[in-house]
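Hi,

Here is the structure I promised to pass on. Have a look at it first, then read my notes below.

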Amino acid sequence: MAQERIAHLRAIGNLETLARMTLDTFVPEGHGLQPEKQENLRRAYEAARAYAENPSGWLLLKGGYGCGKTHLAAAIANRAVERGQPALFITVPDLLDHLRAAFSPSSPAGYDERFEDVRTAPLLILDDLGTESPTPWAQEKLFQILNYRYNARLPTVITTNHELEEIALRIRSRLVDPDLTRTITILARDYRAAGEADQHALSSLHLHGGQTFGTFDPRKGELPQEEMENLSRAVEVARAFAANPEGWLAFTGDHGCGKTHLAAAIANDRAQHNHPALFVIVPDLLDYLRAAFNPQSVVSFDKRFEEVRRVALLVLDDLGTESATPWAREKLYQIFDYRYNARLPTVITTATPIEELDPRLATRMLDASRCTLFAILAPAYRGTPRRGRKPRR
């Protein structure tokens, strides 16, 4: 009888296909994660386990695709069912379809009945908030459900891969109440990438493996004193940023003056200390995003875009060499604006004068409170052999 009751609760809670997603089957250390991400994932697991034992208030799980949010949310619901307590698990788009279907003449239940079942559920788990079509009707229904549960203080778990700023204001205002909601941000990458290096597929850092601080040529004896001192300061600034990447660092200067080498050295230094970095030439980045529109693409544009703009350290090489189409300008601005507001470490190199860049990008780079703008004065390195030195390749 107990087994039948649990099966019934799973059926009415949409948990039949999620029975395998339990706290016991979750891997708190993840797959091939860096130590800080392992610790972050374990904290998320412990928070979910504590909530599962005592569902009270709201729990908001944020993170990228495949990081484990849905597993933890389903595990909370399955734990409630094991105790004989009903729990409703449903993705937000499915929830809205479920409500719309009640308007059909053949529907076995009326709209009011279905709506009440959802908003008064003893434990409600809403998966993938933000993936629904943002129609006025959908936003209204979601607000009514969340507002009711907010006022009644009903246990609710929500997962989303969106930042709170991207969620409708009325709904967001309920999610950010610290007296009711505990927010957990999961930093782990997609678990489906288990066994792969913790480096983005787009990154071309492997092509710059030899560009480190140790291999950088200070060009002593070749440059005038002012340019040589300027280049030495550039190295010091890059080293300091690699040791403690905060804010933005932008190198300007002629092609071949050493900007890319220093930017790659920063990324290689971080990677050597097990901190992921995405190094990409700007035109390649835009091609990578465009490729998501191909019907054969197995990754959506939204996923690719989110992976880029949220990466822990982003190195954008050769800004200004891309085709300045309206679409390209818009995507670059969205990436810049997000990372600027989120204060995410970013390194930029450009040979284009700042005043010739998109003004929306230039204003971010010129903000001295967020970005260190360093102009390298040295001319392009020509590879001229010097006595006692082998030619640089």
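A contact here means heavy atoms within 4.5 Å. With that in mind, take the contacts in the protein between residues at least 6 apart in sequence: 79% of them join residues at least 24 apart.

A word on where this comes from: it's a predicted model, where local features need pLDDT of at least 70, side-chain atom pairs count only at pLDDT 80 or more, and totals for chains, interfaces and linings use all residues. Residues are numbered from 1 along each chain as its sequence is written, and side-chain values use heavy atoms, leaving out hydrogens and water.

Now the overall picture. The protein has 13 helices and 10 strands (DSSP runs numbered from the N terminus: H or I of at least four residues for helices, E of at least two for strands). Of its 393 residues, 51% are buried; buried means under 20% relative accessible area, exposed over 50%, and partly exposed in between, with a 1.4 Å probe and protein chains only. The protein exposes about 19300 Å², with carbon and sulfur atoms supplying 51% of that (areas by the Shrake-Rupley method, 1.4 Å probe).

Most residues other than glycine have a negative phi. Arg153, though not a glycine, has a positive phi of about 55°. You'll find Arg153 in the loop between α6 (136-152) and β4 (156-160), partly exposed at 41% relative accessible area.

Arg219 has a positive phi too, about 60°, and sits in the loop between β5 (181-186) and α8 (225-243). Is Arg219 buried or exposed? Buried, with a relative accessible area of 2%.

Cheers
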